[in-house]
Amino acid sequence: SARPALLICTSGTAAANYLPAVVEAHSAGTPLIVLTADRPPELRDCDAGQTIDQARLYGSHVRWFHELPLPEPGAAAGRLARAVARRALASACGASPGPVHLNWPLREPLTPPCELADVEPLGDGRFDRGSRLPAPAPGEIAALTELARREERGVVVAGPLAVESELAGSVARFAEASGWPLLADAASQLRFGTHAERAALSAAYELTLRDGAFAHAHAPRAVLRLGSAPTSKALRLWLEASAPSDYWLLDPAARWSDASRLATARSASDPAPLLDAAAAALAGRAPRASAWRGDFARAERAAQSALARALDAEPALLEPRLARELVAALPDGALLVLSNSMPVRDVDAFAPASPQRVRVLGNRGANGIDGVTSTALGASAAWPGPVVLLTGDLAFLHDLGGLAAARAAGNLTIVLVENGGGGIFSFLPIAEHGDAVAFERLFRTPHGLELRRSAELFGIGWERVSSWPHFRAAMKTAIASGGVSVIEAPVDPDANVRAFRALARIAADAAAEACA
């Protein structure tokens, strides 16, 4: 909805339970206002019940912290409350949006007075977005334009973004005008949509840029990066190994998102007009039809074709094909929410680009599994169309209580990967040590629960699928019926790891052969 959520709670550990949400909102730049009740000053630090130190409870993870005074009658208190509310909104929704914490001590009696003061709205309902992003300077536009003219071996890297179509179109126009391939994260809002047809868009780079001939032969010398850190580890390692001499970071929220320490130039201006102006300046010549751009296009086509053949030949329910089948089943205008660990990685690796209009959300700020179901339920309450969540069994179990909000949700289909615990750990070197490190008990951590029993408790639909035709039919029914329902897909975790690695090799070999 782009409106800040308001979290209100009592004092003590209730406030502490908001920490994961605050951290995620801070990292993802999501507007959030937390209003925590507190005990009065005389009951602090004296072993009073339900009392902890709540001053700056969330540390540096908020844009602004303010402790309100004890409530008292009079016009001055009303003016203060109004001023604090305005500043809280401005801080949460500014150029660098994020969470705000207001701590409010209250003294008994806690019941309201007989007559309550009239409360007027702050304005006309529009939220103050704070200071506008600065327009790009002419020198900045000229520098980016000159780089694109001078350097053929460039790429545009789009990490997770919460953007509207305007910026997506600007990125696509610049990529097309510069002749630089567009490497679009699944959560970048650039993988899906009509703009994907204009640029040389790569969706299989997580697989083709792993150690292989194509990756080694196509080290970029120029990079333009925007959005949060990309999901793909293979992409990060490829860029670090390439050490491009020119690495532009578009960073209007001043987050310094550069863990690899590669950036040679940083722009804090509004990215859409910067990219549009550079694309317009480059439009004086035909789009660069270079061998570089052509190689990425050929690699993408070959990899996607090879993946499609291999996945279609695999009858078992495994996560790579599940990600591909799920995205293909989404109707135009759907919202896709991706859980962390493997679901977001599976979609990033195996979902091809598509002209379908699909918005993608994920808690990629801190990458935790806290509140994943709640995130999807909240999004479905605001989204006008169907919402689909792809999540794992541990993330689902971790936020089981979130299903209590199912009654207030919209059209949400939860695709639940039941793989017996933390599937991502099976991809790590520790898995090779097996029983010597008690891998199953300490890392994979199987829960041993029948999660479908939650369907009756929370009043939601549930179906366990056994084949791909069964899955497609279940998806169609769930989306059409509305409400909240779960499609459970049982997956063999060991077979899944073998399939993922085999598919990665197939894609990398296909890309290398196409460009040999």
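Predicted model: local features only at pLDDT ≥ 70, side-chain atom pairs only at ≥ 80, totals over all residues.
On a 1 Å grid over the protein atoms alone, a cavity is a set of points where a 1.4 Å probe fits but cannot get out, while a pocket is an open set with protein on both sides within 12 Å along at least five of seven lines; lining residues have an atom within 4 Å of a point. Grid points are joined across faces, edges and corners, and a volume is the space filled by probe spheres set on the points.

Residues are numbered from 1 along each chain as its sequence is written, and side-chain values use heavy atoms, with hydrogens and water left out.

**The cavity**

The structure holds 1 cavity of 30 Å³ or more, and the volume of the largest cavity is about 30 Å³. Its lining is made up of Glu319, Leu322, Ala323, Pro343, Asp346, Leu390 and Val417. Two or more lining residues come from each of helix 11 (319–329) and helix 12 (342–350); helices here are DSSP runs of H or I with at least four residues, strands are runs of E with at least two, and both are numbered from the N terminus. Helix 11 gives the most, with 3 residues.

**Phe471**

One of the cavity-lining residues, Leu322, also touches Phe471, as do Glu325, Leu326, Val415, Val465 and Ile487, leaving aside residues up to four places away in sequence. Contact means heavy atoms within 4.5 Å. Phe471 sits in helix 17 (residues 468–481) and counts as buried because its relative accessibility is 0%. Buried means under 20% relative accessible area, exposed over 50%, and partly exposed in between (1.4 Å probe, protein chains only).

Helix 3 (residues 75–92) has 18 residues and reaches 26 Å from its first C-alpha to its last, close to the 26 Å expected at 1.5 Å a residue; the expected span is 1.5 Å times one less than the number of residues. Its buried residues are Val84, Ala88, Leu89, Ser91 and Ala92. They lie on the same side of helix 3 because they cover an arc of only 165° around the axis, taken from the directions from the helix axis to the C-beta atoms. On the other side, Ala75 and Arg79 are exposed. The buried residues pack against strand 2 (32–38), strand 3 (64–67) and strand 4 (99–105).

Helix 3 also gives the most to the lining of the second largest pocket, with 11 residues. That pocket holds about 1600 Å³ of space. Of its 44 lining residues, the closest to the centre are Ala77, Gly78, Ala81, Trp104 and Val119. The lining divides into 33 nonpolar, 3 polar and 8 charged residues, where Ala, Val, Leu, Ile, Met, Phe, Trp, Tyr, Cys and Pro count as nonpolar, Asp, Glu, Lys and Arg as charged, and the others, Gly among them, as polar.

**Backbone features**

Most residues other than glycine have a negative phi, and most peptide bonds are trans.

A cis peptide bond joins Glu108 and Pro109, with omega about 0°. Pro109 belongs to the loop between strand 4 and helix 4 (138–150).
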